[in-house]
Amino acid sequence: MTTRREILLAAAAWPALAWTTAACAQAPAKVPRIGLLSSFSPSDTTPWPWHQAFRLGLRDLGWFEGKNISIEYRYAEGRSDRLPDLVADLVRLKVDVIVAPSASDALAAQKATRAIPIVMTGVSAPVGLGLVESLARPGGNVTGMSQMTVEMLGKRLELLKEMVPKLTRVAVLWNPQRAGSALNWKEIQLSARQLGVQLHSLEVRSPDEFDKAFEDATGARAGALFIIPDPVIVAHLKRIAGLAAKSRLPSIFHISEFADSGGLVAYGPDRADLFRRAATFVDKILKGAKPSDLPVEQATKFELVINMKTAKALGITIPQSILVRADRVIE
């Protein structure tokens with residue numbers, strides 16, 4: 001039988017119990033945290049729509065930065081040796097997923113952790129680099145978007161040949177220190193042989209080597225410039241476009257910003273679209289999906305941009321067959 005004293009004690013305890021229950025019910029849910037790794041600097045990425053496209057992709061899926069999701073940005077400032085420390089910092093913060101735009105970013109993240117999911121936003125040859133076992137079955141903690149760079153390398157070389165029919169020697173600007181660049185340099189050899197074009201290697205490891213590389217291209221009597229994607233190069237597109245123009249070299253790269261910076265032509269996947277689609281992988285992972293169960297998707301949207309000002313300055317007549325395929329022509 002309950003005594004009067006027990007009833008009074010229970011009554012006294014009820015407000016505290018009710019407050020505790022209400023506090024628990026109102027406790028804010030854990031906000032998922034994304035680690036966005038970049039080989040570039042904030043000033044490099046500001047003019048490009050890539051990060052904004054990623055945030056918009058998240059927003060379309062109901063994720064709003066600063067509200068129900070947070071993003072930790074880490075920039076290597078063009079120094080690949082900083083990537084391990086930046087990734088280690090993200091691992092210490094226990095982010096829920098790491099977003100890796102370049103091959104260097106993804107490889108550094110994979111080396112640092114096999115537990116935290118990693119989403120690529122457009123890495124070329126992820127299978128060849130060992131990031132995933134296959135596109136259909138990634139197998140580990142890495143998934144995301146692939147750029148289809150192997151196929152695009154050959155198509156870009158074909159474009160140069162169409163614009164400069166007598167082309168026999170092409171200077172190739174690339175960074176041998178990057179695994180992705182080295183793989184692309186190896187893969188482009190076959191396309192060159194099929195087109196009857198000789199390749200002249202221009203190795204650059206830092207911006208300090210750009211001037212010498214172009215002097216080498218002139219000395220080798222190269223008829224055009226082919227650029228293999230690399231953060232060191234992407235961060236200095238305007239300078240490279242200027243050096244190409246000064247050296248009278250028709251040039252081609254994979255992102256539209258190169259043509260906007262004065263390069264002759266850009267042809268490759270729409271990077272903003274890749275970042276936007278990468279947001280869907282982040283969304284699925286935050287909702288419980290495993291990276292190993294999410295097949296890598298390939299680029300489906302491509303851009304061909306021609307800079308006619310540069311073409312006229314170089315005395316090149318762009319074939320109508322190329323102009324009609326262009327998504328944008330800079331007059």
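Reader: How many residues line the largest pocket?

Author: This is a predicted model. In it, the largest pocket holds about 280 Å³ of space. Nearest its centre lie Ser 80, Leu 83, Pro 84, Ser 104 and Ala 108.

Reader: Which helix gives the most to the lining of the largest pocket?

Author: Two helices, H4 (83–92) and H5 (103–112), each supply at least two residues of that lining. By class, the lining has 8 nonpolar, 5 polar and 4 charged residues. With 5 residues, the top contributor is H5.

Reader: Which strands stand at the edges of the open sheet?

Author: The open sheet has 7 strands with mixed pairing, in the order S7-S6-S8-S9-S10-S12-S13. An edge strand has a single partner, so one of its sides has no neighbour in the sheet. From one strand to the next, the twist averages 20 degrees. The edge strands are S7 (198–203) and S13 (328–330).

Reader: At about what angle does helix H7 run to S7?

Author: Helix H7 spans residues 179–195. It lies across S6 (169–174), S7 and S8 (224–227). Its angle to S7 is about 165 degrees.

Reader: Which residue in S12 stands opposite Pro 269?

Author: Strands S10 (residues 265–269) and S12 (residues 302–307) run antiparallel and are joined by 5 bridges. Opposite Pro 269 stands Phe 302.

Reader: What separates the C-alpha atoms of Lys 155 and Gly 268?

Author: Lys 155 sits in helix H6 (residues 149–163). Its relative accessible area is 41%, so Lys 155 counts as partly exposed. Gly 268 is 113 residues from Lys 155 along the chain. Their C-alpha separation is 9.2 Å.

Methods
Residues are numbered from 1 along each chain as its sequence is written. This is a predicted model: local features need pLDDT of at least 70, side-chain atom pairs count only at pLDDT 80 or more; totals for chains, interfaces and linings use all residues. Side-chain values use heavy atoms; hydrogens and water are left out. On a 1 Å grid over the protein atoms alone, a cavity is a set of points where a 1.4 Å probe fits but cannot get out, and a pocket is an open set with protein on both sides within 12 Å along at least five of seven lines; lining residues have an atom within 4 Å of a point. Grid points are joined across faces, edges and corners, and a volume is the space filled by probe spheres set on the points. Helices (H or I, at least four residues) and strands (E, at least two) are DSSP runs, numbered from the N terminus. Ala, Val, Leu, Ile, Met, Phe, Trp, Tyr, Cys and Pro count as nonpolar, Asp, Glu, Lys and Arg as charged, and the others, Gly among them, as polar. Buried means under 20% relative accessible area, exposed over 50%, partly exposed in between (1.4 Å probe, protein chains only). Two strands pair if DSSP finds at least two bridges between them. Axes are lines fitted to C-alpha atoms, for helices over the stretch in contact, and angles run from 0 to 180 degrees between N-to-C directions. Contact means heavy atoms within 4.5 Å.
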